[in-house]
Amino acid sequence: MKVLVAVKRVIDYNVKVRVKADNTGVDLTNIKMAMNPFCEIAVEEAVRLKEKGVATEIVVVSIGPKVAQEQIRTALALGADRGILVETDEEVQSLQAAKLLKAIVDEEQPQLVILGKQSIDTDNNQTGQMLAALAGMAQGTFASEVVVEGDKVNVTREIDGGLMTVGLSLPAVVTTDLRLNEPRYASLPNIMKAKKKPLDTKSPADLGVDIANTLKITKVEEPPVRSAGVKVADVAELVDKLKNEAKVI
Amino acid sequence: MSILVIADHDNGSLKPVTLNVLSAAKAIGGDIDVLVAGEGCSAVAEVVAKADGVAKVLVADNAAYGHQLAENLSLLVADLGKGYSHVLTSAGTTGKDFLPRVAALLDVAQISDIIKVESADTFVRPIYAGNAIATVQSSDAIKVITVRGTAFDPVSAEGGSASVESIDNVQDAGISSFVSEEMAKSDRPELTAADIVISGGRGMQNGDNFKILESVADKLGAAVGASRAAVDAGFVPNDMQVGQTGKIVAPNLYIAVGISGAIQHLAGMSGSKVIVAINKDEEAPIFQVADYGLVADLFEAVPELDAAL
Ligand SMILES: Cc1cc2nc3c(=O)[nH]c(=O)nc-3n(C[C@H](O)[C@H](O)[C@H](O)COP(=O)(O)OP(=O)(O)OC[C@H]3O[C@@H](n4cnc5c(N)ncnc54)[C@H](O)[C@@H]3O)c2cc1C
Ligand SMILES: Nc1ncnc2c1ncn2[C@@H]1O[C@H](COP(=O)(O)O)[C@@H](O)[C@H]1O
């Protein structure tokens, strides 16, 4: 079966962002960018499904500026077969991303679509669910295990309180949680090979999707800063402080 | 303004976070209705009808909603939601699962995880793991919102007398089914609602060692949490993870034991009133946010703490 994977280009997860002085956003100049960590897990899962003989083709799609090709190439080096870049320099919010992905789904007709559960920049946690609703598909969100059997997929989900397994008819959408797998690194030969794999570029207009946003960020601020407190010498002093100074126990 | 709040519950009892979501709804202002969708959930409806500020409780009691399957629930909520200016639920794993579907079906954006209401169309939410705080204004006709419970004081559970109305609206998409569930059992308070949380990290070395945290937790009436590293290593179950992609906690007292303090962990606990860190590495970043830092081997310090309480 064909598997579609959506990967987003975001700030590297190790970078601590700085809010711009004029409060219009965060400063992204000269900041290291990377594939969203949850999307790496999505790519890895697709590759494992292919290694198991369940998936026959892996198509990876990203929506963003031209440089997002880098993240598609990374996915190709990890084992995806071909890429699609929906190129735009505009900010694309989750609903519009879901509509663009729906248009790709209509063209590609995948049996399984794997996305990250959350982008680490917007922390939205929406796109996969929205895509599933628009495409009329079932969804297995926050997946820690994905088992395809015939025309169904069983997804174990990390939920508040524990784990829940749902059975979904295919085609379906899966969003990845951290413990689904541990992504591999791309080898140098595979990185070279990936350069020759096909990568198509489309525009939102080609797909017939209006990407105008309805949410406007009017201000971005620093969170309240916490300053380091004091070091206590021993447990006795700690207990004393908690009882008599902070009065929390 | 009219607001629909979707209650969090397990068919038998109302989850307290619903009272925090009601508080966010009150801050928006307007009539507040609550939907209880589930199977055999009438007791929940009776409880929520007593909460302060609720006008009407709608009960959709059907097997299709028994496990809160997003495919079914979203059809119901989108159908009802058309009649409201705002649709709210908590940013727990159930709300995060079904509400984006509702937004897509209504063709509006979702505003995730709000921590403050500025006005009926403007909300505040953390982005970049809480390293930036965004104010977001929506021009959508219906505002679809998940609420971070810990950011809002709960409304009173008593004092209201809302009417309870059964609705006959069965939506079964027929594309998903419940297979099984494995819930962690604990007598301790729920992480996101606890007054005190004690969390262990990779420094705990194994799951067995969490017993020393549990003993302290029981003396303090605390919940026990963990870092991602401790969960990934299999020391403890996933629902104990605190952080950007785990649970967000904001207790009066948070005790981090053997946790280095990565930004993704801080995103989940830096709203705590008082933070204590116990770590043997005095350079650990957790000390930069801790009110009280103890540089010590946890295997000595935690039993000592236990004995001192
Ligand atoms: C996309 C993404 C999402 C993430 N989401 C989360 C999340 O939600 N929550 C989260 O926690 N992390 C999250 N992480 C992981 C995060 O980056 C860190 O890797 C993780 O928090 C580290 O856990 P830790 O502090 O327990 O382990 P470590 O960083 O290994 O720290 C262990 C600490 O224990 C101390 N220690 C060891 N032995 C002892 C001893 N005997 N006595 C005292 N101290 C001792 C050490 O000095 C060290 O400081 C995420 C990462 C990514 C990429
Ligand atoms: N611009 C994008 N390009 C490709 N995939 C995206 C994009 N935005 C969101 N996604 C996918 O949706 C997931 C969840 O994103 P979000 O809903 O923004 O938190 C990501 O992990 C991606 O898999």
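This is a predicted model: local features need pLDDT of at least 70, side-chain atom pairs count only at pLDDT 80 or more; totals for chains, interfaces and linings use all residues.
Helices and strands in this tour are DSSP runs, numbered from the N terminus.

**First stop: a loop in chain A**

Select A:P171, which sits in the loop between strand 9 (162-169) and strand 10 (172-176) of chain A. Display the backbone from A:L170 to A:P171: the peptide bond there is cis, with omega near 0°. For context, most peptide bonds are trans, and most residues other than glycine have a negative phi.

Next, centre the view on A:K247, in the segment after helix 6 (235-245) of chain A. This residue is not a glycine, yet A:K247 has a positive phi of about 55°.

**Second stop: a salt bridge within chain A**

Show the side chains of A:D177 and A:K117, which form a salt bridge with an N to O distance of 3.3 Å. The two residues come from distant parts of the chain, 60 residues apart: A:D177 belongs to the loop between strand 10 and helix 5 (188-194), and A:K117 to the loop between strand 6 (112-116) and helix 4 (127-135). Over all chains, the structure holds 31 salt bridges.

Colour the two chains separately. How many residues of chain B are in contact with chain A? There are 83 of them, and they touch 77 residues of chain A. Together the chains bury about 6,600 Å², with 55% of this area on carbon and sulfur atoms. On the chain B side, select B:T93, B:Y128 and B:Y292; these lose the most area to chain A, together 11% of what that side buries.

Polar pairing can be inspected next. The interface of chain B and chain A has 46 residue pairs in polar contact and 4 salt bridges. By class, the side of chain B that touches chain A comprises 40 nonpolar, 26 polar and 17 charged residues. For a salt bridge, select A:R226 and B:D291, whose closest N and O atoms are 2.9 Å apart.

Then switch to a cartoon view and find strand 12 (residues 215-221) of chain A beside strand 8 (residues 132-138) of chain B. These strands run antiparallel and are joined by 6 bridges. Within this pairing, A:E221 has B:I133 of strand 8 as its bridge partner.

Now display individual side chains around the ligand. An N or O atom in the side chain of B:R202 is 2.6 Å from an oxygen atom of ligand 1. For the side chain of B:S227, the corresponding distance to an oxygen atom of ligand 1 is 2.5 Å. B:Q241 also places a polar side-chain atom 2.8 Å from an oxygen atom of this ligand.

**Last stop: ligand 2**

Move to ligand 2. Which residues are the closest to it? They are A:A6, A:S119, A:N125, A:Q126 and A:T127, among 18 residues that surround the ligand.

A backbone N or O atom of A:S119 is 2.7 Å from an oxygen atom of ligand 2, and a backbone N or O atom of A:G116 is 3.0 Å from an oxygen atom of the ligand.

How values were computed:
Residues are numbered from 1 along each chain as its sequence is written. Chains are lettered from A and ligands numbered from 1 in the order in which they are written. Side-chain values use heavy atoms; hydrogens and water are left out. Contact means heavy atoms within 4.5 Å. Buried area is the accessible area (1.4 Å probe) that two parts lose on being put together, summed over both. A polar contact is a pair of N or O atoms within 3.5 Å; within protein, one must be able to donate a hydrogen and the other to accept it, and residues adjacent in sequence count only if both atoms are side-chain atoms. Ala, Val, Leu, Ile, Met, Phe, Trp, Tyr, Cys and Pro count as nonpolar, Asp, Glu, Lys and Arg as charged, and the others, Gly among them, as polar. Two strands pair if DSSP finds at least two bridges between them. Helices (H or I, at least four residues) and strands (E, at least two) are DSSP runs, numbered from the N terminus. A residue is near a molecule or strand if one of its heavy atoms lies within 4 Å of it.
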